[in-house]
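Welcome, and please take a moment to look over the model below.

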Amino acid sequence: MTLRSAAGPVGRLGVAAAALAALAGCGLLSSPAAPVPRGEGPGPAPVTGSPASPTPAAPSCPATPAKFTCAMRTRIAAVQAFLRHRPGVVGVVLRDRSTGAVWESAHAHTHIYMASTSKLGMAVALLMQNQAGVIHLSAGDMAVMQDMLHVSSDTAADTLWFKFGAPFYTGYFPRIGLANARYVAAPGITPPYWGEMLCTAADLSRVITYVFDDMPASLRDYLVTTLSHVAIDQHFGVWGAGSASHPGNKDGWSVEQPGWIINSVGFAGPRQRYTLAMMNSLNGHGGYRAGTDTLTEVAAILFRGHQVQAPNVSATP
């Protein structure tokens, strides 16, 4: 966080009787012919009349976005319809790691405050530079990082930010997909600072893609395990995919000049097949619950095929 941040038997018989009466009135039914014993002649002449109306064709699958399954394209269309009635600005990027398919919403490239999703970028930078020997992460540092990711501790993020210094992070962030990040000032804060960063959903998508495509297996597995077991206050957003989809995420929320900011980035599906990045700037048209419901239901539509409600977890300073 960053709190600056059916009819019964009688009914069916009645319907059937009415249908038969209608057919008889149209000349489509006639008295049955006398039964003809087997082998003693042809059977009754076939009933003639108007041809039956063709069965309506099933709705066709949306043609785009390409490379996604028909089911997923249908769900993406449902998400687009859902978002038209949600408050604020919502950027979404869905990526299928199996086919390379990518879907971006209309606001996928709109800059929005990162809130605590920047902590995922910090963790990636720390782990990679430790692996390269540029820094040394002690057991204590690793415990602090665990708090930063598991319960989204701001104090933990501050500890690691100031220990290694802002240039350490800002110099590495472009490598992991945050080349478009912006750093802004806030009362009492001189940028750059992890809590006052802006990026786009497309940027966050590149970060989680970097985790899977570029990090060594041991580091990737650490982050996948950690993000799959976050504390309950992060059980929204990508978490809406449901337990059967084995989601993992890093969420963020804050109150900024535009109002509430609610973000979520992570993965879902067998073998983390899909990555999902979502950013919602409410722009003064809703609060914490409106934002978390929006992002949770986007994930639920995509991975469960229906909407759900976010867990009733309150945000407190």
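A contact here means heavy atoms within 4.5 Å. Helices (H or I, at least four residues) and strands (E, at least two) are DSSP runs, numbered from the N terminus. This is a predicted model, in which local features need pLDDT of at least 70 and side-chain atom pairs count only at pLDDT 80 or more, while totals for chains, interfaces and linings use all residues. Residues are numbered from 1 along each chain as its sequence is written, and side-chain values use heavy atoms, with hydrogens and water left out.

**Confidence**

The pLDDT is the predictor's confidence in each residue, from 0 to 100. For this protein it averages 85, and 78% of the residues score at least 70. Residues 5-51 have a pLDDT under 50, and the model gives them 15 contacts beyond four places in sequence. Residues 310-317 are also below 50, with 18 contacts in the model beyond near neighbours in sequence. Where pLDDT is low, the predicted coordinates should not be read in detail.

**Helix packing**

Axes are lines fitted to C-alpha atoms, for helices over the stretch in contact, and angles run from 0 to 180 degrees between N-to-C directions. A crossing is left-handed if the near helix is turned anticlockwise from the far one by less than a right angle, and right-handed if clockwise.

| Helix pair | Axis distance | Angle | Handedness |
|---|---|---|---|
| H3 (118-131) and H4 (139-150) | within 10 Å | roughly 155° | left-handed |
| H3 and H8 (217-227) | within 11 Å | roughly 150° | right-handed |
| H2 and H9 (288-303) | 8 Å | about 155° | right-handed |

Let us begin with H2 and H9, whose axes are 8 Å apart at an angle of about 155°. On the H2 side, Met72, Arg75, Ile76, Ala78, Val79, Phe82 and Leu83 take part, and they meet Thr294, Glu297, Val298, Ile301, Leu302 and Phe303 of H9. By class, this contact of H2 with H9 has ten nonpolar, one polar and two charged residues. Here Ala, Val, Leu, Ile, Met, Phe, Trp, Tyr, Cys and Pro count as nonpolar, Asp, Glu, Lys and Arg as charged, and the others, Gly among them, as polar.

Helix H3 has two partners in the table. With H4, its axis crosses at roughly 155°, which makes H3 roughly antiparallel to H4. Lys119, Leu120, Met122, Ala123, Leu126 and Leu127 in H3 touch Met142, Met145, Met148 and Leu149 in H4. That contact has nine nonpolar residues, no polar ones and one charged.

With H8, the axis of H3 crosses at roughly 150°, which makes H3 roughly antiparallel to H8. Leu120, Ala123, Val124, Leu127, Met128 and Gln131 in H3 meet Leu219, Tyr222, Leu223 and Leu227 in H8. These residues divide into nine nonpolar, one polar and no charged.

**Local details**

How many disulfides does a search of the whole structure find? There is one disulfide (a pair of cysteine sulfur atoms within 2.5 Å). Cys61 and Cys70 are its partners, with an S to S distance of 2.3 Å. The link of Cys61 and Cys70 is right-handed, with 135° about the S-S bond.

Most residues other than glycine have a negative phi, and most peptide bonds are trans. Against that background, a few places stand out for a look. Thr64 and Pro65 are joined by a cis peptide bond, with omega about 0°. Pro65 lies in the loop between H1 (9-25) and H2 (70-83). The bond from Pro191 to Pro192 is cis too, with omega near 0°, and Pro192 sits in the loop between strands S4 (182-183) and S5 (197-199). Ala115 is not a glycine, yet has a positive phi of about 50°. Its place is in the loop between strand S3 (112-113) and H3.

Key. Parallel < 35°, antiparallel > 145°, perpendicular 65-115°, else oblique.
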